Amino acid sequence: MDLTEFGMDKFEVGAESSGGETRIKPGRYELKYAGSDMIEGKNGWKALKIMFDVVGEIISVNHAFTMAHNNEKPVEIGRQSLSLMLNAMGVGSMKNTDELLGKKVEAELVVGDKGYLEIDDNFGKTWMTPGASDNNLNPKEELPKEEMFPSGVDEEDDNLPF
């Protein structure tokens, strides 16, 4: 496609992005199934790529589960992780990924080698049922302690409205 008709033929090196100013922090997030695809590579590698929307945010992440490979170890790890994810989603059996529509799971997001958030499944150990981990779910910037607990307020004061 020729982009010159849209004035997209020249770019400034090092130009600032006009969007994406706010980045979410790494941590535990609730993810909603958004689709899947089968991807292939070298050495007989085939993987089920599952896409997720991060609940409450405007980003998506994906994860590839190895389903076939010349080396059996990656297949074992991929199938174990997929089974643990499906278990956390409440899915006992599945014949088609369309059955995951509307399903949610919690996972740990970390900054990957390329600087983007990605799922750290730790061999399937970080997949959790939504709501199972209330600690640090969708971590936001925390207020400084002074703003959460203003000085000069006596904890024993009976005139507090709550």
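**Entry 1: the sheet**

I looked up the strand order in this predicted model. Five strands make an open sheet, ordered β3-β2-β1-β4-β5, with antiparallel pairing. I took strands (E, at least two residues) and helices (H or I, at least four) as DSSP runs, numbered from the N terminus. Two strands pair if DSSP finds at least two bridges between them. β3 and β5 are the edge strands, each with a single partner, so one side of each has no neighbour in the sheet. On average, neighbouring strands are turned by 50° against each other, direction ignored.

I then checked α1 against the sheet. The helix packs on the sheet and touches β1, β2, β3 and β4. The direction of α1 makes about 130° with that of β3. For such angles, axes are lines fitted to C-alpha atoms, for helices over the stretch in contact, and the angle runs from 0 to 180 degrees between N-to-C directions. Contact means heavy atoms within 4.5 Å.

**Entry 2: how the entries are set up**

I number residues from 1 along each chain as its sequence is written, and side-chain values use heavy atoms, with hydrogens and water left out. Because the model is predicted, local features need pLDDT of at least 70 and side-chain atom pairs count only at pLDDT 80 or more, while totals for chains, interfaces and linings use all residues.

**Entry 3: strand pairs**

I went through β4 and its partners. β1 and β4 pair in the antiparallel sense over 6 bridges. R28 stands opposite E108 in β4. β4 and β5 are also antiparallel, over 3 bridges. V111 has L117 in β5 as its bridge partner. The hairpin of β4 and β5 has 5 residues between the strands, and G115 in this hairpin takes a positive phi near 90°.

**Entry 4: the core**

I looked for the largest nonpolar core and found 23 residues in it. Such a core is a set of buried Ala, Val, Leu, Ile, Met, Phe, Trp, Tyr and Cys residues joined through side-chain atoms within 4.5 Å. Buried means under 20% relative accessible area, exposed over 50%, and partly exposed in between (1.4 Å probe, protein chains only). L31, I50, F52, M85, M89 and W127 have the most contacts inside the core. At least two core residues come from each of β1 (27-40), β2 (46-54), β3 (60-68), α1 (72-89), β4 (104-111) and β5 (117-119). The largest share, 5 residues, is supplied by α1.

I picked out F52 and listed its contacts, leaving aside neighbours within four places in sequence. Among them are L31, Y33, I59, V61, M85, M89, V105, I119 and W127. In general, nonpolar side chains tend to be buried together in soluble globular proteins.

**Entry 5: salt bridges**

I counted 4 salt bridges in the structure. The cut-off is a side-chain nitrogen of Lys or Arg within 4 Å of a carboxyl oxygen of Asp or Glu.

R28 and E106 meet at 3.9 Å, N to O. R28 is in strand β1 and E106 in strand β4, 78 residues apart in the chain. R28 counts as buried at 10% relative accessibility, and E106 counts as buried at 0%.

K104 and E30 meet at 3.5 Å, N to O. This pair also joins distant parts of the chain, with K104 in β4 and E30 in β1, 74 residues apart. K104 is partly exposed at 32%, whereas E30 is buried at 15%.

K73 and E76 form a salt bridge with their closest N and O atoms 3.6 Å apart. Both lie in helix α1, 3 residues apart, about one turn of the helix. K73 is partly exposed at 47%, and E76 is partly exposed at 44%.

**Entry 6: confidence**

I checked the pLDDT, the predictor's confidence in each residue from 0 to 100. The protein chain averages 78, and 68% of the residues score at least 70. Where pLDDT is low, the predicted coordinates should not be read in detail.
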